[in-house]
Amino acid sequence: MRRILFCFAILTAVASHARSWTGDEVKEVIKRVNTYWQTNNPAEVRAFWDNAAYHTGNMEVYKLLKDQKMLDYSIRWAEHNNWQGANEPDPAKWKYKQYGEGQDFVLFGDWQICFQTYIDLYNLSPDENKIARAKEVMGFEADSKAHDYWWWADALYMVMPVMTKMYKLTGETKYLRKLYENILFSDSIMLDKETDLYFRDGKYIYPKHKTNNGKKDFWARGNGWVLAGLAKVLQDMPEKSVYQPFFVHKYTYLARAVAKTQQTEGYWTRSMVDPEQAPGPETSGTAFFCYGLLWGVNNGYLQKKEFATTIEKAWDYLTKTALQKDGKVGYVQPIGERAIPGQKVGADSQANFGTGAFLLAACEYYRYLQKK
């Protein structure tokens, strides 16, 4: 009897903590956040991953709100970069096997995420110039014999959705085949089969690397990239594809593993199974998780009764703690690759990719409300 009363008390507390949202209120939040970002940050910046991650969120905003001014921001960014990522013209000089920001790192995923937005913009207003570089670079990668392109977890958001978008664009199954070959390599070096979570890259494999408490160190944003990337892949992959069951299985197992590590306050700590490694809230991982779980429920891959509480707690954190009154999205861990002990994030800690992740989650939460 005591156990029943205790469980009832917890459920009552969760219900009373959450508020009911309307679709119009969520749209107001989306507008406030995106207006703040676009007003305070120029569109004319490079096409590297951090800026490009914001634009994946902005394109989702346009899909929902049909606001031409917001879309124009992404068009200006794409035009500023001549619809390219890294622009080295000679394929013999193209690199990817280590981190690099130079123009010769054409095959490095951080320079390829921009193609997601270029393809989306092409689909709205076709012009071959918008996708010429994407076809050249991703066609080269799909035709190559190498399959070790994605050696860090972030790449699974940066490039996996490019592959499915390229398939939809061209109808060529080689993009789905290369997607599958590449993720098999990624899984071989980063996927922890015991937990279904991802280590950020080979440097962080347990027990070679441990948290200060001796535990496995799963970086929240890294796993957020993967879950969100898988959602985007399933969005574009045909159900009849021979690869679809593999990605559904991977996505659903990761979703459940992620939900298990949420903190009671609704956020995920930077080190997912060892909160003491870097205590306190963090927005980018939380927002990508929120988006990934919402998408699954909205599209029938996850059961609402299993994930509703996790989703509502995450959304509560995003709107009550991360979101500031002026539209700034705070508590975003700066660019990095792990949970750093002693690193402080606060209300003024913002970033392009964190804002993009928030927008993805907010747009999907709006759709979630429409299904209630």
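Colleague: Which hand does the crossing of H11 and H12 have?

Modeller: The crossing of H11 and H12 is left-handed. Bear in mind that this is a predicted model.

Colleague: Which residues of H11 and H12 meet?

Modeller: From H11 come Tyr251, Ala255 and Val258. They meet Phe289, Gly292, Leu293, Trp295 and Gly296 in H12. By class, this contact has six nonpolar residues, two polar and no charged.

Colleague: Why is H10 called roughly parallel to H12?

Modeller: The axes of H10 (residues 220-236) and H12 (residues 283-298) cross at roughly 25°. Angles under 35 degrees count as roughly parallel. Therefore H10 is roughly parallel to H12. The two axes come within 8 Å, and the crossing is left-handed.

Colleague: What kinds of residue make up the contact of H10 with H12?

Modeller: They divide into eleven nonpolar, six polar and two charged. Among those in H10 are Arg221, Trp225, Leu227 and Lys232. The H12 side includes Phe288, Phe289, Tyr291 and Trp295.

Colleague: What makes the aromatic pair of Phe108 and Trp151 stacked?

Modeller: The ring planes are 15° apart. Planes under 30 degrees apart count as stacked, so the label holds. The centres are 6.1 Å apart, and the cut-off for a pair is 6.5 Å. The structure holds 32 aromatic pairs.

Colleague: How do you know that the pair links distant parts of the chain?

Modeller: Phe108 and Trp151 are 43 residues apart. Phe108 sits in the loop between H4 and H5. Trp151 sits in the loop between H6 and H7.

Colleague: What is the backbone like at Tyr206 and Pro207?

Modeller: A cis peptide bond joins them, with omega about 5°. Pro207 lies in the loop between strand E2 and H10.

Colleague: What is the phi of Lys66?

Modeller: Positive, at about 55°, although Lys66 is not a glycine. Lys66 is in the loop between H3 and H4.

Colleague: Where is confidence lowest, and where highest?

Modeller: Lowest in H1 (residues 2-17), with a mean pLDDT of 44. Highest in H5 (residues 114-124), at 99. Over residues 1-16 the pLDDT is below 50. Beyond near neighbours in sequence, that stretch has one contact in the model. For the protein, the mean is 95, and 95% of residues reach 70 or more.

Terms used:
Residues are numbered from 1 along each chain as its sequence is written. This is a predicted model: local features need pLDDT of at least 70, side-chain atom pairs count only at pLDDT 80 or more; totals for chains, interfaces and linings use all residues. Side-chain values use heavy atoms; hydrogens and water are left out. Axes are lines fitted to C-alpha atoms, for helices over the stretch in contact, and angles run from 0 to 180 degrees between N-to-C directions. Helices (H or I, at least four residues) and strands (E, at least two) are DSSP runs, numbered from the N terminus. Angles under 35 degrees count as roughly parallel, over 145 as roughly antiparallel, 65 to 115 as roughly perpendicular and the rest as oblique. A crossing is left-handed if the near helix is turned anticlockwise from the far one by less than a right angle, and right-handed if clockwise. Contact means heavy atoms within 4.5 Å. Ala, Val, Leu, Ile, Met, Phe, Trp, Tyr, Cys and Pro count as nonpolar, Asp, Glu, Lys and Arg as charged, and the others, Gly among them, as polar. pLDDT is the predictor's confidence in each residue, from 0 to 100. Rings of Phe, Tyr and Trp (its six-membered ring) pair if their centres lie within 6.5 Å; planes under 30 degrees apart count as stacked, over 60 as edge-to-face and the rest as tilted.
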